[in-house]
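Trainee: Before we start, I would like to go through the terms used for this structure and see what stands behind each one.

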Amino acid sequence: MNKPAILLTGLLLLALIVGAIGCGGGEPKPEPITLKLVSSSQPDAVGGQIYQHFADLMKDYTDGQVIIDIYPGSQLFPVTEEWEAVVTGAVDMMADATYYVSSMVPDVMAFYIDGLWESIEHAYAAMEETELPDIITQKIEDAGPVKVLTIIPTGVNMSVLNTVRETEYLADLKGLRCQSSPGSPSMPLYDYTGMAAVPVAFEEVSAAFLQGVINAVQYPPFTIVDLGLQETAKHAIVHASMLPTVGLIISRDSWDDIPADLQDIIMNEVVPETYEFGKRLYRESEEAALEL
């Protein structure tokens, strides 16, 4: 064999060896775990931005091993059916107001008692320095095969907008027809002000308010702005009262399918950053909405 042939053969053997080492030089990367997350929030709403941030953190911190596919705006299920969808395994996760699990876990209504919180700082202290969130978390997890990743406080201001009359005091709300989610208890405020709770799905609130099916709505200021309800209303009263919260809830089976090392990353890195981001964004959005 002449020298060029020997050289070519040697180079081919070297290429094969390097290729073999490159292909077998480590365990193949596992297929990513993809989780379906449902929410009633639109992508550009405050909640939608927080859930997208959560999804981005999950992808980044797990090196692409856990992917969150978000289905916003009640694409797959109405908000009142999200809990059942997670429990039955139709989807992996839900991200929405804890109010929407109140029919299964009545004690979450502790967040919606008017006058319980003196200020947003008082409410944050209750969430971060007491056992309240742990107690509520345990009750939610006892109600179904789920795991609560976090409960995020939103704000303590609630807005009641109406199309009927000036409302300078809460007593002025008496007789107004206010939206209440079907299957969920009405807010305590309805009972002691004399407002009538009218069952209207969250997804239909804007149209019902515009058409006069209801003549009052009660939501946090940023939700009012997200839905554009201030454009229909003629009168408003804002009162510091409740502590609406949102929960990130995953089915127990979906959680158990995530390897332990990734679970640690999620609970120790992803969740704390999501909580702080959400708390900050909700407060900033509340202040901006109140100004508007």
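This is a predicted model: local features need pLDDT of at least 70, side-chain atom pairs count only at pLDDT 80 or more; totals for chains, interfaces and linings use all residues.

Trainee: Why is H2 called roughly antiparallel to H10?

Mentor: Helix H2 (residues 46–61) and helix H10 (residues 260–291) pack at about 155°, with axes 9 Å apart. Angles over 145 degrees count as roughly antiparallel, and therefore H2 is roughly antiparallel to H10. The angle runs from 0 to 180 degrees between N-to-C directions, and the axes are lines fitted to C-alpha atoms over the stretch in contact.

Trainee: What makes residues of H2 and H10 count as meeting?

Mentor: Contact means heavy atoms within 4.5 Å. Among the residues that meet are Phe-54 and Leu-57 in H2, and Phe-277 and Leu-281 in H10. The residues of this contact divide into 13 nonpolar, six polar and two charged. Here Ala, Val, Leu, Ile, Met, Phe, Trp, Tyr, Cys and Pro count as nonpolar, Asp, Glu, Lys and Arg as charged, and the others, Gly among them, as polar.

Trainee: How do you know that H4 is roughly antiparallel to H10?

Mentor: Helix H4 (residues 120–128) packs on H10 at about 165°, with axes 13 Å apart. That angle makes H4 roughly antiparallel to H10. The contact is made by Ile-120, Glu-121, Tyr-124, Met-127 and Glu-128 of H4 with Tyr-275, Lys-279 and Arg-283 of H10. By class, it has four nonpolar, no polar and four charged residues.

Trainee: What makes a set of residues a nonpolar core?

Mentor: The members are buried Ala, Val, Leu, Ile, Met, Phe, Trp, Tyr and Cys residues joined through side-chain atoms within 4.5 Å. The largest such core has 84 residues, and those with the most contacts inside it include Phe-54 and Ile-68. Its largest share, eight residues, comes from H10. Not counting residues up to four places away in sequence, Ile-68 touches Phe-54 and Met-93, among others.

Trainee: Why is Ala-201 called partly exposed?

Mentor: Its relative accessible area is 23%. Buried means under 20%, exposed over 50%, and partly exposed in between, with a 1.4 Å probe and protein chains only. Ala-201 is therefore partly exposed. This residue lies in the loop between strand S7 (196–199) and helix H7 (205–211).

Key:
Residues are numbered from 1 along each chain as its sequence is written. Side-chain values use heavy atoms; hydrogens and water are left out. Helices (H or I, at least four residues) and strands (E, at least two) are DSSP runs, numbered from the N terminus. Angles under 35 degrees count as roughly parallel, over 145 as roughly antiparallel, 65 to 115 as roughly perpendicular and the rest as oblique.
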